Amino acid sequence: MFHDSLFLFLLCFTICFFSISCSSHEFSLGGDYLLGGLFALHKVDHEKPQSTPEAIECSRHTISVSGYQMLQVMRFAVEEINNSTTILPNVSLGYEIFDHCTATKNFPAVFSFISQNGSIKPKEMLNNHQPEVIALTGPYGSKETVAIASLLTSNLIPIVSYGASSYVLSNKLQYPSILRTVPSNKDLIQMIIRIIQWFGWNWVAFIGSQDNYSEDGLKQFNKNIINTDICLAYQDTFGLDANYSLALKKIDMLKINVIVVFAMPQNVKKLIKAAIANNIRGKVWIAGETWSMDKQLSREPGIEKIGRIIGITEKLLSLPGFDEFIFKAKGTSNVHNNVSVEVQSDSCNQACKRCSLLTAEEIINENPTFSFAIYAAIYTIAQALHNVLQCGLTECHKNTTVRPYMLLGEMKKVDFSLNGHQVKYDDNGDPTVNYAIVLWDTKTNPPQFNKVGTYDTYPEITFTINSSLIPWRDNGSVPFSNCSHECKEGYSREREGLHDCCFRCKKCPKNSYVNKSRDPYTCFPCAESDWSAKGSTRCKTRSVVYLEFTEIPSIIFMVSVMCLMLFLIAIFCLFAYNHDTPVVKSAGGSMCLLMLACLIMSNISLFFFFGDPTSAHCILRHFAFKFFFTVCLSCLTVRAFQIVCIFKMAAKFPNLHSLWVKHNGQWLFIIFSTVVVLIACMFWVIVAPPKPIRDTLSFKDQVMLICENGNTISYSIIVSLSWFLGFLCLVFSYMGRDLPKNYNEAKSITFGLVLFYASWTAYFTAVLSVKSKYIVLFNAIAQLASINAIFFSYFIPKSYIIIFKPKKNTTAYFQTSIQNYTQTIGRT
């Protein structure tokens, strides 16, 4: 009995002694220089408000296997450095590690770090202050880091964080001594946005926890999607006791299929469980770095039904020798795994009551996301210390006094390769980004995390995703998570509601286009020289057209004009030579020559209808014709009136006839008409002359160079005057339809005016019904027809008599005709 009791006592004593020794060895290690370490070995699920100042006892809460693994990584890195011959030769590193399970109730550990010889004297904490540790790594989260930062940064004690990603920590004015081996939330959010854009999603939800980490991530997400097509359809942050089911139902109702979960692991676990319980299917879950490799969550029953989980983590770099280190550390203690031993450490939160129960396999298989970050943090401190001590190949200058701020200065400048990864920091103390995109395969046992993409910023920015490695569910197509379906080519967006990505599609009208890279919401008008059909994505260059000299119709027309001019000149010479003959006198004498001269001048305007129109072209093609042809019409009108006056009005109104003859009424009328039309033409040319314009309305693919008419009033007066004179001609010619044959010019005038009106009526009809560059040719033809109508109807018959019937061109013949007409009138 005595022997059994003695054996039991010795066994318990041995176990307690070994456990205390193990605990002390894991949390503390002596050395020439001490490093601080803060790891969350326990999770405080529910913090309660306190009424008295007290520090929390972390070991009373739930153990975190991940936190314990992180502690082991630090121990492994320190041991590896101490055994190395290339870094810090003949210098040993030690550490003081504390369990940091809360952001607000762990300050005794921090006070221990900044104390000197066990005491803190604020008034003496100047340049010569030598704290217990020269640098520290941790704590895990942003909120915890911010909470302790002010106590450490005031003395520029370097903090190399392995898990604090809040972008605010990049502010070196506020946090001058903080570096980190994990990218900031800004980098992580930019990575998430790249993934969303890669798959063409724009209708997403963002769920976070109520802490600095998530709030900073949400802020960065909202900031970085401003100039993208991404719309944040739903956003919220939740506490542990929140109603996750209600949030998931809202997301499902809004038809959001992509959910960014940027939260702490304990919140994520509740969210995923709620998704499984509410039968949420077919979603894409984008996991933040905190849970992207959570091996416990990946084993949650039913998780394979909620959709695809895409995680973002730092590239998983192996730590050679770490597994052997864990097996060695846990090998001798595993025999006691079935014995529950509680050990009370001398220092606050340097105890882990249940850590001895963990097997080496459990530690090794835990989430390795932050393992390399801790490893790199310890090596950063060691490399900087190596530089401060001016170490050589075999020894360091150990007599050098190392102040924390000296170490900080060297840490900012380090640039070395560690396991194939470049460790360096920018001006904000942030590292190079080396992300891996992993896809959860929860159907296998154990679940797998398959790398499907990468994002690197060193040595250059590269982003790739191998979409073929992602087996989407259903028909294998990428899940749809957009507020609206993308518009077809040539359709612009028309916003619906508050979000830019909610829209309906509208086909761009002709002569406009949509450029989605520039602005998908606008149909931009084409330039005047361009055109486009309805629903276009670009404009095409219009062809510029005008009536050219070298075209066959132009050549034929100009040859005709030149022939007519030669004919007119010949007839002019003929009439001038036979000026005193009865035929010429009966045709008007000098007035006849004026008419021929006006027709010749009118002909000149026809050459300005061809070629690239200029202002001079536009003026001359209309001014010369309108003026000279109107003068010709005034002469023709006077001539028609004179015939009627001589044969019919002279006998009935002798006084009026004598007054007309005495004052040369015919010339007064011609001069008056000429002055009126000249004033109208000058006003037309000076005030608002005809000018060349680019007609972009007649044809979608052509720009026609044409002349506009200029001032409408002046142009209307000129046209109205010529048409009025033509009308008077018709009236007078109708009155003289029964005159003697030799003087019967009424039929000739009537025929000429009918051709005149017919040609212009045909032209205006063509203008209204036909759109072509040849409409300019129609205008020229109308002018040519008008000239020909007067010329051939009035002058050719008389020319025929002069040349071929000279017997009829005698005074006796004309007197006989008048006598016969008088006798006929007398009998009637």
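User: Helices (H or I, at least four residues) and strands (E, at least two) are DSSP runs numbered from the N terminus. With that settled, where is P139 found?

Analyst: Look in the loop between β6 (135-137) and α4 (142-153). Keep in mind that this is a predicted model, where local features need pLDDT of at least 70, side-chain atom pairs count only at pLDDT 80 or more, and totals for chains, interfaces and linings use all residues. Residues are numbered from 1 along each chain as its sequence is written, and side-chain values use heavy atoms, leaving out hydrogens and water.

User: Thanks! What kind of peptide bond joins G138 and P139, cis or trans?

Analyst: Cis, with omega at about -5 degrees.

User: And N445 to P446, what's omega there?

Analyst: Omega is near 0 degrees, and that peptide bond is cis. P446 lies in the loop between β16 (434-441) and β17 (448-456).

User: Switching to phi: what's the value for L156?

Analyst: L156 has a phi near 55 degrees, which is positive in a residue other than glycine. You'll find L156 in the loop that runs between α4 and β7 (159-161).

User: Why does L156 count as partly exposed?

Analyst: Because its relative accessibility is 30%. Buried means under 20% relative accessible area and exposed over 50%, with partly exposed in between (1.4 Å probe, protein chains only).

User: What about phi of N279?

Analyst: N279, also not a glycine, has a positive phi near 55 degrees. N279 sits in the loop between α8 (265-277) and β12 (283-287). Its relative accessibility is 47%, so N279 counts as partly exposed.

User: While we're on accessibility, where does K507 lie?

Analyst: K507 is in strand β20, which covers residues 503-507. K507 counts as partly exposed because its relative accessibility is 43%.

User: On to sheets! What's the strand order in the open sheet of six strands?

Analyst: The order is β1-β5-β2-β6-β7-β8, and the pairing is mixed. Two strands pair here if DSSP finds at least two bridges between them.

User: Which strands stand at the edges?

Analyst: β1 (28-29) and β8 (178-180) do. Each has a single partner strand, so one side of each is left without a neighbour in the sheet.

User: Do β2 and β5 pair in the parallel or the antiparallel sense, and over how many bridges?

Analyst: Strand β2 (residues 33-39) pairs with strand β5 (residues 93-99) in the parallel sense, over seven bridges.

User: Nice. What is the bridge partner of F39?

Analyst: F39 has D99, in β5, as its bridge partner.
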